[in-house]
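Please open the model in your viewer and keep the sequence panel beside it. This tour moves from one selection to the next, and each stop says what to look for there.

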Amino acid sequence: MDLAGQDEGSPPLVERLISAAAAFEGSEEIAEARDLARAFLTRVQAVHGLPVSGRAMGVVQLVVSELVTNARKYAPGPCLLTLEVSEGTVEVTVWDSDPSLPVPGAADPGRVGQHGLEIVMAVCRSFEMHREPVGKRITAAVELADDPGGAAVGHQAL
């Protein structure tokens with residue numbers, strides 16, 4: 001964890017936030033959102049010295065892709081993506097202008113497509129949806145490093 005304003009033996013005055021944010025308006029920009037996530041995590045590892053596993057790198061890009069795709073597909077106007085590192089996780093937050101909260105589909109092995117939300121919920125440590133005064137905000141947290149004991153890290157779908 002990076003701390004700013006800390007003297008030896010004194011408690012930290014301010015924690016430095018590690019984050020990145022961008023707005024996306026077109027479906028062609030979904031690849032740019034994944035690129036932003038990859039570059040952000042690469043910087044987190046190289047500059048801040050935090051471990052980022054290959055699994056975390058892939059899962060974060062998947063989560064970003066799914067959440068930004070859904071925002072672009074179902075909500076008018078731009079969507080906002082924020083990536084923030086805190087306590088060994090990266091929080092992926094997407095805001096869009098549609099107040100309707102997504103509903104994961106019932107289990108149906110015959111259904112083709114529309115499994116993205118179910119997958120995101122299964123691979124993330126936590127998943128939250130909130131209506132905002134305008135639109136909604138969806139936040140998913142992904143562990144930066146795999147569990148040292150080798151157990152799968154993830155959030156069980158509700």
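Contact, a word used throughout this tour, means heavy atoms within 4.5 Å. With that in mind, select V63, which is in contact with V92, V120, V123, C124, A140 and V142, leaving aside its neighbours within four places in sequence.

Before going on, note that this is a predicted model, in which local features need pLDDT of at least 70 and side-chain atom pairs count only at pLDDT 80 or more, while totals for chains, interfaces and linings use all residues. Residues are numbered from 1 along each chain as its sequence is written, and side-chain values use heavy atoms, with hydrogens and water left out.

**The whole chain**

Next, select β3, β4, β5, β7 and β6, which in the order β3-β4-β5-β7-β6 form an open sheet of 5 strands with antiparallel pairing; two strands pair if DSSP finds at least two bridges between them. Because β3 and β6 stand at the edges, each with a single partner strand, one side of each has no neighbour in the sheet. Between β3 and β4, which run antiparallel, there are 7 bridges, and if you click on A22 you can look across to its bridge partner L81 in β4.

**The core**

Which residues have the most contacts inside the largest nonpolar core? They are F40, V63, V64 and V90, in a core of 36 residues, and a nonpolar core is a set of buried Ala, Val, Leu, Ile, Met, Phe, Trp, Tyr and Cys residues joined through side-chain atoms within 4.5 Å. The helix α2 gives the most to this core, with 9 residues.

**Around D96**

Move to D96, which is in strand β5 and counts as buried because its relative accessibility is 5%. Its side chain makes a polar contact with the side chain of K136 (2.8 Å), a polar contact being a pair of N or O atoms within 3.5 Å, where within protein one must be able to donate a hydrogen and the other to accept it, and residues adjacent in sequence count only if both atoms are side-chain atoms. A polar atom of the D96 side chain also lies 2.9 Å from the backbone nitrogen of D98.

**Around E132**

Finally, select E132 in the loop between β6 (126-131) and β7 (136-143). Is E132 buried or partly exposed? It counts as partly exposed, because its relative accessibility is 26%. The side chain of E132 makes a polar contact with the side chain of R137 (2.8 Å), and the C-alpha atoms of E132 and P99, 33 residues apart along the chain, are separated by 7.2 Å.

Methods: Helices (H or I, at least four residues) and strands (E, at least two) are DSSP runs, numbered from the N terminus. Buried means under 20% relative accessible area, exposed over 50%, partly exposed in between (1.4 Å probe, protein chains only).
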